[in-house]
Amino acid sequence: MATSDFVLGGLASVGATFFTNPIEVIKTRIQLQGELAARGSYVEPYKGVLQAFVAVAKNDGLMGLQKGLAPALYFQFIINSFRLSIYTKAMENKWMHKKNGEVSFSLGLMWGAVGGIVGSYFSSPFFMIKTQLQSQAAKEIAVGHQHAHKSMSGALREIYGKSGIVGLWRGSLSALPRAAVGSGAQIATFGKTKTLLIEYDLVQQPTLNSFCSGLIAGSLMSVAITPPDVISTRLYNQGVDAQGRGLYYNGWLDCFVKIFRTEGIYGMYKGFWANYLRIAPHSTLVLLFFDELIAVREKYKLKDVSSSRVC
C-alpha cells in the first residue's frame, strides 16, 4: 500500500469535511431527538433539515454549525486514508476484477467493507468525541445525553482519565457494521459506475466521471448506512455509569431492538434526509478530490521520470 495513497485519501476527506460538517451536526441532533420514545410523544426541536439549521444558528450561534469539526477532521482523515488506499491497492492489483477483466461489484463490496472496518476501528475515538460534541446544544434545543466536554483534547483527557484506552474505544466494535455497509456500498458503486460510464460512452471526461460516480455512490450509501448510523450515534452519545457501562444500551443488537420496539422503522431512518444531504456531496467531494490528487501525483511522477531520462 503506497504511503502517498494513504495520505491522499486522508487529505481528500479533510477537504470535503469542511463543507459537510454543518449538515453532520444537524443529522446527529435529529437522530438523537425522541430517543426511545414513541413517535408523536415528544417535543421535536428539529422538525426538518432547513428548520434545524435555523434553530441551531439561532440558539447556538453560527459556530454551532461547526461543532465537533476538529474530531471530525481526524476521524475522516484516518478512516478514508485506510478506505481509499485499500481501494486503490485492490484496483491496481485487479483484486476487484473478474477473470474477464470487468470490475466486480461483489468484490468491490468486499474490499470497500474491509477498508471501512479497518479505518472505522482506528478512528473510533474521534467518531465518539465528534458525536458527543455535536450533540451539545443550548437548553432550548438539547437532545440526547449532554456531555460536558469543552474541546476535543479535553474530551480525550477526561475519557482516558476515567476509563483508560478501553473508554476511548467504547462502541468501536458496534460501529463496524456501519463502516462495512456504508463503505462497501460506496466503494463498490463508485468503481463499477466509473467503469460503466466509460464503457457506454456516457461520461468520458475524468473529472466529470469521478463527480457523477461519486454522486451515485453517495446516494446508494445514504440509503444503506442510515440505520447502522443511527445505532452508532446512540451508542457513542449515551452516558455511562461508574463502571463505564452504557446507561441505555448494552451493545449494537440491544440498541437495534430497543429502537425498533419503541420508535419503529421510522426510528431507524431518523435523519435520513440530513444524512443524504451530507453523504451525497461528501462522498462526491471525497472521491473527486482523491481522483484529482492521484492525477496530480501521477503527473509529477511522469515529469520526474522524464527529467531523469534527460539527465
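Begin by selecting residues 68-86 and 107-129, where an unreviewed UniProt entry places the feature "transmembrane region". The coordinates on display are those of a predicted model.

Keep residues 68-86 highlighted: this span is 95% helix and 0% strand, and its end C-alpha atoms lie 27 Å apart.

Now select helix 7, residues 206-237, together with helix 8, residues 252-268. Two packed helices are described by the angle between their axes and the distance between the axes. For helix 7 and helix 8 the angle is about 120°, and the axes are 10 Å apart. The two helices are therefore oblique to each other. Viewed as a crossing, helix 7 passes helix 8 in a right-handed manner.

To inspect the contact itself, display side chains on both partners. Helix 7 contributes Thr226, Pro227, Pro228, Val230, Ile231, Arg234 and Leu235; these meet Trp252, Cys255, Phe256, Ile259, Glu263, Gly267 and Met268 of helix 8. By class, the residues of this contact comprise ten nonpolar, two polar and two charged.

The last stop is Arg278, located in helix 9, which covers residues 272-310. Is Arg278 buried or exposed? Its relative accessible area is 6%, under the 20% cut-off, so Arg278 is buried.

Note on methods
Residues numbered from 1 in each chain as written. Predicted model: local features only at pLDDT ≥ 70, side-chain atom pairs only at ≥ 80, totals over all residues. Heavy atoms only, no water. Axes fitted to C-alpha atoms, helices over the stretch in contact; angles between N-to-C directions. Helix = DSSP H or I, 4+ residues; strand = E, 2+ residues; numbered from the N terminus. Parallel < 35°, antiparallel > 145°, perpendicular 65-115°, else oblique. Left-handed = near helix turned anticlockwise from the far one by under 90°. Contact = heavy atoms within 4.5 Å. Nonpolar A, V, L, I, M, F, W, Y, C, P; charged D, E, K, R; others polar. UniProt positions renumbered as here; feature names shortened; annotations may be inferred. Buried < 20%, exposed > 50% of the residue type's maximum accessible area, 1.4 Å probe, protein only.
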